[in-house]
Amino acid sequence: MNAKTIYFDNAASSFPKPDAVINASADFLRSCGNPGRGAHAFALEGARKIFEAREKIAEFLGVKQTERLVFTPGCTASLNMALKGFAAAGGLGQGDLVIVSSLEHNSMMRPLQQLKETIGIEFAVCDAGESFESDLQQMVNERKPKLVAFTWASNVTGEVLPISSIAKFLGSKQIPLLVDGAQTAGKLETALDASGISFFCASGHKGLMGAPGVGVLYVAPDVPIDPLIAGGTGSRSESLEVPGEFPDRLEAGTSPGPAIAALAAGVHWLKTEGISTGLKAELYLTERFLVWARAQSYIKVFGPQKVRPENGVAVRMPVVAFSMDGISPSGLADMLDTEYGIAVRAGLHCAPLCHKQLGTLKEGLVRVSFGVFNVGNEVDALISALEKIRAGL
């Protein structure tokens, strides 16, 4: 990447990373061995760092039983483990229904499609929008699903779904809720123990400011789940059975120590800076761009009209999806990159259900997503570039 590149693809992965994140990964590589696999100093140091990291990240996410927070290779792995592990434990079977939203990423939908093909589950889609909550409640009452699973916020439009009230409603029905927190972890305050969420999945490399290669999966104490992968855990090695205790039950194999250490450093950095302060700054940039974009006849913006939280509840993330008359989304993204040094993302964003609802499934949209290190003059540079591109069409 050119040092002068303006980076507006934070919904895919936050960039740049705080120095503390980079240093934590390097320090683990320099000083740690395979955690839990030996009694020598290097192995013990690796185990200590991972233990401390789990404690810090669990506290940040509001998890008191820290062993219920499991490290995974990423949010995709977390979603697969939650969906397929819940099914394997008897939570889903032939003919059982899962309700999802129209905002879902393929990391949610493809595992569900696999479960449909292999064990015969069904899934139904509730369209996002102003009536989502009431529509979902009606679907739940009429169709009695065994699981409700949806993203907290769209990676396309930034729309935030009302997790808190839906979790309360589902709790009254004793229906488990799985939440994809890829776009909200590190941006919205989270208290998982008190949330009513059964499964919470998140990536480490987005809002949590960590490195690629690690994600988290929270499993509430009263929810059944079986492991998808069996192997060494460093515990109960005399048995051929997978340990029943968390986190070992779901953490077979060598842990990605450098990425876990980096994630803990990212969480510490966020806690020090204040996540509400960061989101406020990101939403300021979002609003700055939206005010201009919505005033242009040749720009069509998709997603929530409002930007600022209402009654303390977020309505959108710092993500904007749009199209420009006279040029394809992929062509526009390419011009921004090659001619103006501005990194955005175009296409379907691995969320075809969302684009189908928006009517943009054929070509997709351009997405800009702002991060804590972006500043106002970078947004102005994007606006200037778009105006120049439009003038040249």
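**Ground rules.** I am working with a predicted model, where local features need pLDDT of at least 70 and side-chain atom pairs count only at pLDDT 80 or more, while totals for chains, interfaces and linings use all residues. Residues are numbered from 1 along each chain as its sequence is written, and side-chain values use heavy atoms, with hydrogens and water left out.

**Entry 1, α2 and α7.** I looked up helix α2 (residues 41-61) and helix α7 (residues 257-273), and their axes come within 9 Å and cross at roughly 40°. Helices here are DSSP runs (H or I, at least four residues), strands likewise (E, at least two), numbered from the N terminus. Axes are lines fitted to C-alpha atoms, for helices over the stretch in contact, with angles from 0 to 180 degrees between N-to-C directions. α2 and α7 are therefore oblique to each other (under 35 degrees counts as roughly parallel, over 145 as roughly antiparallel, 65 to 115 as roughly perpendicular, the rest as oblique). From α2, Ile50, Ala53, Lys56, Ile57, Glu59 and Phe60 meet α7 residues including Ile260, Leu263 and Val267 (contact means heavy atoms within 4.5 Å). I noted nine nonpolar, one polar and three charged residues in this contact (Ala, Val, Leu, Ile, Met, Phe, Trp, Tyr, Cys and Pro count as nonpolar, Asp, Glu, Lys and Arg as charged, the others, Gly among them, as polar).

The axes of helix α1 (residues 19-31) and α7 come within 8 Å and cross at roughly 150°. Ala20, Val21, Ala24, Ser25, Phe28 and Leu29 of α1 meet α7 residues, among them Ala261, Ala262 and Ala265.

Most residues other than glycine have a negative phi, and most peptide bonds are trans. I found a cis bond from Phe15 to Pro16, with omega near -5°, and Pro16 sits in the loop between β1 (6-7) and α1. Phe246 and Pro247 are also joined by a cis peptide bond, omega about 0°, with Pro247 in the loop between β8 (215-219) and α7. Lys144, not a glycine, has a positive phi of about 50°.
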